[in-house]
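The following exercises ask the reader to examine a protein chain step by step. Each task is followed by a worked solution.

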Amino acid sequence: MNIIGRKQESKELLDSFNTKQAEFIVTYGRRRIGKTFLIEETFKKQKCYFFHVTGIQDGNMKVQLKEFAKSMSATFYNGVSIMPANSWMDAFEELTKTIEGVKSKLKVVLFFDELPWMSTKRSKVLQALDYYWNRRWSKNQRIKLIVCGSSASWIIKNIIHNKGGLHNRYTKSLLLKPFSLHETKMFLENNGINLNDKQILLLYMVMGGVPHYLKQIKKGLSATQNINNLCFSENGILFSEFDKLFKSLFDDAKKYVELIRIVAQVREGVSRNYIEENSKFSQKGGTLTDRLKDLELAGFIKSFLPLGHTRQGEYYRIIDEYSYFYLRWIEPEKHTLLGQELENKFWIKKTGTPAYYNWMGYAFEAICYKHISQIREALNIDYGTRAGTWRYIPRGERKEKGAQIDLLFERDDNTVTLCEIKCTEKPFVLDKRYYECLLNKVQVYKTITRTQKQIFIGFVTTSGIKNTRYSAKIIDGTVTSDDLFKSAG
């Protein structure tokens, strides 16, 4: 298979490979995002020794060291069985001697895949890595060390922000994010799946831009049929992926699932206070702060600090499409579906219902927050302009009206663009009632922020805007899903 997207990441890997010094590259990104595929495909065409060992989830140190020995055998000893080491210090010593004993001048890529799983209790794999990188490997210009993990929080805490001997020792870090809509379309086409943009957008609302999920799409089936098969069949990969996903990323997965359930309760997002009131976590020891940060680093939630009105503090929303879809649709039906056949066509029957459109609206907003560059370009807004959200909730018994602005850009030319995000199957009709609602939002925003800047109104929609006298009066720019599918400039 060809590498889709990831051009910059692949280039940076090759740049590091071609240097005349040892390199320590840190790569991270959520489960199923394609980290292993990118690294294998990038280096398999290079003339080098490619040593690849993968951590075993829930495996003890003995199991991990046995896998390490197998990888050494396959890479350097033509598959001849070798005895596993008794410790990571011994394993790395054997690896070092093997590399130094190789007469060839070929470079050596050491790829430690899923390093967090190798770091079992009392294994001291990090201490061994610290010792051998600083004392031996960093002095050998042939060595290119790559450590990789799905647990972004673990990688950042233990490697990137390591306070011990690995502090500031890595030479490059690469974060792999889910595909954009543009990359998703390219990926599907490369797999022989020819769907139009509306069909792809619907798939993206369910599984995001996760390559492994997208690889399961079957040719000749509609987006709705594929979703029904993958999500609402006991054998569908997304039917039971949720628990596996969290378990693979977090040691105490249940605590993180509890948090994401709370965040999912309110469409507009929840405040820090709301989370504290509805969870067992407290401020003490920073536990809640750390767990929220872990969820954000892993790409499940996003924190928003409303522009121009920061005193209300951060609030959080789910931005991972699959997690929201699972909690909203799959989990509530799981016990029912376990005893039913796929022929019940659960998802097909749900399309077109009010709950279906409500879910689509939330999912489309999350997609827009991941495609800010495309929205800027469509609205002719300069890069570097601050983008964010804004909300005002009157306190106590105040009679003034509140307002929620889905997206806004604070521009350098003394203007602000306020954007509405609408997901509809047909062009959105802006009638008198909605027109007055928009006028109220603008007025609340001006009053609360006391801004004197010029206000522009933009619309981000799936199907465009129907021309009416009200839309002509108030809309200054539009963005459609066609714009979101463009490559980021």
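## Exercise 1: A lysine in a strand

Lys 302 has a relative accessible area of 32%, so this residue counts as partly exposed. The structure is a predicted model.

**Task.** Determine in which strand Lys 302 lies, and which residues Lys 302 touches beyond those up to four places away in sequence.

**Solution.** 

Step 1. Lys 302 is part of strand 7.

Step 2. With residues up to four places away in sequence set aside, Lys 302 touches Glu 296, Tyr 315, Tyr 316, Arg 317 and Ile 319.

## Exercise 2: Salt bridges between separate parts of the chain

**Task.** For the salt bridges of Asp 58, Glu 100 and Lys 370, find the partner and the distance, and then locate the residues.

**Solution.** 

Step 1. The count of salt bridges comes to 20. One of them joins Asp 58 to Lys 247, with the closest N and O atoms 3.7 Å apart. Asp 58 lies in the loop between strand 2 (48-54) and helix 3 (61-76), while Lys 247 lies in helix 12 (residues 241-249); the pair links distant parts of the chain, 189 residues apart. Both Asp 58 and Lys 247 are exposed.

Step 2. Glu 100 and Arg 136 meet through their side chains in a salt bridge of 3.6 Å, N to O. Since Glu 100 belongs to helix 4 (residues 88-101) and Arg 136 to the loop between helix 6 (125-135) and strand 4 (143-149), the pair ties together parts that are 36 residues apart in sequence. Arg 136 counts as partly exposed because its relative accessibility is 26%.

Step 3. Lys 370 forms a salt bridge with Glu 321, and the closest N and O atoms are 2.9 Å apart. Lys 370 is found in the loop between helix 18 and helix 19 (372-378), and Glu 321 in helix 16 (residues 321-338), so the pair ties together parts that are 49 residues apart in sequence.

Step 4. The two partners are then classified. Lys 370, at a relative accessible area of 32%, is partly exposed. Glu 321 has a relative accessibility of 5% and is therefore buried, as the cut-off for a buried residue is under 20%.

## Exercise 3: An enclosed strand

**Task.** Explain why strand 11 (residues 415-422) is described as largely enclosed, and name the strands that pair with strand 11.

**Solution.** 

Step 1. Of the eight residues of strand 11, seven are buried, so the strand is largely enclosed by the rest of the structure.

Step 2. Strand 10 (residues 403-410) pairs with strand 11 in the antiparallel sense over four bridges. Phe 409 has Thr 417 in strand 11 as its bridge partner. The two strands form a hairpin with four residues between them, and Asn 414 in the turn has a positive phi of about 65°.

Step 3. Strand 13 (residues 454-461) runs parallel to strand 11, and eight bridges join the two. Here the bridge partner of Glu 420 is Phe 459 in strand 13.

## Exercise 4: The chain as a whole

**Task.** Judge whether the radius of gyration agrees with that of a compact globule.

**Solution.** 

Step 1. A compact globule of 489 residues would have a radius of gyration near 23 Å; the chain has 25 Å, which agrees.

Step 2. Buried residues make up 52% of the chain.

Technical notes: Residues are numbered from 1 along each chain as its sequence is written. This is a predicted model: local features need pLDDT of at least 70, side-chain atom pairs count only at pLDDT 80 or more; totals for chains, interfaces and linings use all residues. Side-chain values use heavy atoms; hydrogens and water are left out. A salt bridge is a side-chain nitrogen of Lys or Arg within 4 Å of a carboxyl oxygen of Asp or Glu. Buried means under 20% relative accessible area, exposed over 50%, partly exposed in between (1.4 Å probe, protein chains only). The radius of gyration is taken over C-alpha atoms; the globule rule is 2.2 Å times the number of residues to the power 0.38. Contact means heavy atoms within 4.5 Å. Two strands pair if DSSP finds at least two bridges between them.
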